[in-house]
Amino acid sequence: MTAARLVAFLTLWLLAFCRMIANAGHENRDVTTIAADRLKLLIDSGEKFILIDLRPAQEFQLKRLAGSRSIPVTELEKRLGEIPKSGRVVVYAAEPSNDIPDSVFQLFEDERYKNITVMLEGFQGWEKRKFPVETGRPPSGMR
């Protein structure tokens, strides 16, 4: 096998492997994800988007990404109307995105949300990197 063929083979294999990893846990879904460090860069640059915290309300009350809104997974279906279908929306849970129940992705898909991005590492990954969090009682309207 020539060096050029080997490089081409390895490149194709790597692309296929990366695609499998990107959808890990949600093989049948087209889930857009964002890494915590990339999200931090967007926040620091003043990028406009809505952050939705899917964790239980008690966890949100203790600490959260600054400016995020609490819509626990258990309330998501009845509060879906609070999430706009236009503009950028980033959702996060406590754990990495592949631990988010598949029903969450199905709900977004069924309701035709095309603007949802999921933080890959979840809140745990955000904290692990020692990125800033907001603590204490959230501002009114953030729930």
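**Figure 1. Glu-77 in helix H4 of the predicted model.** Glu-77 is found in helix H4, which spans residues 76-79, in a model that is predicted. With a relative accessibility of 64%, Glu-77 counts as exposed, because the class of exposed residues begins over 50%. The view also takes in Glu-111, which is 34 residues away from Glu-77 along the chain, and the C-alpha atoms of these two residues are separated by 10.0 Å.

**Figure 2. The protein as a whole, given as context for the close-up views.** The secondary structure comes to six helices and seven strands, and the order in which they follow one another along the sequence is α-β-α-β-α-β-β-α-β-α-β-α-β. The protein has 143 residues, of which 36% count as buried, and it exposes about 9000 Å², with carbon and sulfur atoms supplying 56% of that area. Among the contacts in the protein with a separation of 6 or more, 72% are accounted for by residues 24 or more positions apart.

Figure 3. The structure holds three aromatic pairs. In the pair of Tyr-92 and Phe-123, the ring centres are 6.0 Å apart and the planes stand at 20°, so the pair is stacked, given that planes under 30 degrees apart fall into that class.

**Figure 4. The edge-to-face pair of Phe-108 and Tyr-113, with Lys-85 over the face of Tyr-113.** Phe-108 and Tyr-113 form an aromatic pair whose centres are 5.5 Å apart and whose planes make an angle of 70°, an arrangement that is edge-to-face. Phe-108 is buried, and Tyr-113 is buried as well. Lys-85 lies over the face of Tyr-113, at a distance of 5.2 Å from the ring centre.

**Figure 5. The largest pocket and the residues that line it.** About 280 Å³ of space lies in the largest pocket. Its lining is made up of 12 residues, and those that lie nearest the centre of the pocket are Asp-30, Val-31, Phe-108, Glu-109 and Tyr-113. Helix H5 (102-110) and strand S6 (116-119) are the elements that give two or more residues to this lining, and H5 gives the most, with three residues.

Figure 6. Arg-112 has a positive phi of about 65° although it is not a glycine, and its place is in the loop between H5 and S6. Arg-112 is exposed, with a relative accessible area of 60%. Lys-130, likewise a residue other than glycine, has a positive phi near 60°, and it is placed in the loop between H6 and strand S7 (134-135). Lys-130 has a relative accessibility of 73% and therefore counts as exposed.

Conventions. Residues are numbered from 1 along each chain as its sequence is written. This is a predicted model: local features need pLDDT of at least 70, side-chain atom pairs count only at pLDDT 80 or more; totals for chains, interfaces and linings use all residues. Side-chain values use heavy atoms; hydrogens and water are left out. Rings of Phe, Tyr and Trp (its six-membered ring) pair if their centres lie within 6.5 Å; planes under 30 degrees apart count as stacked, over 60 as edge-to-face and the rest as tilted. Buried means under 20% relative accessible area, exposed over 50%, partly exposed in between (1.4 Å probe, protein chains only). A charge sits over a ring if NZ of Lys or CZ of Arg is within 6 Å of the ring centre and within 35 degrees of the ring normal. Helices (H or I, at least four residues) and strands (E, at least two) are DSSP runs, numbered from the N terminus. Contact means heavy atoms within 4.5 Å. Accessible areas come from the Shrake-Rupley method with a 1.4 Å probe; for residues, only the protein chains shown count as cover. On a 1 Å grid over the protein atoms alone, a cavity is a set of points where a 1.4 Å probe fits but cannot get out, and a pocket is an open set with protein on both sides within 12 Å along at least five of seven lines; lining residues have an atom within 4 Å of a point. Grid points are joined across faces, edges and corners, and a volume is the space filled by probe spheres set on the points.
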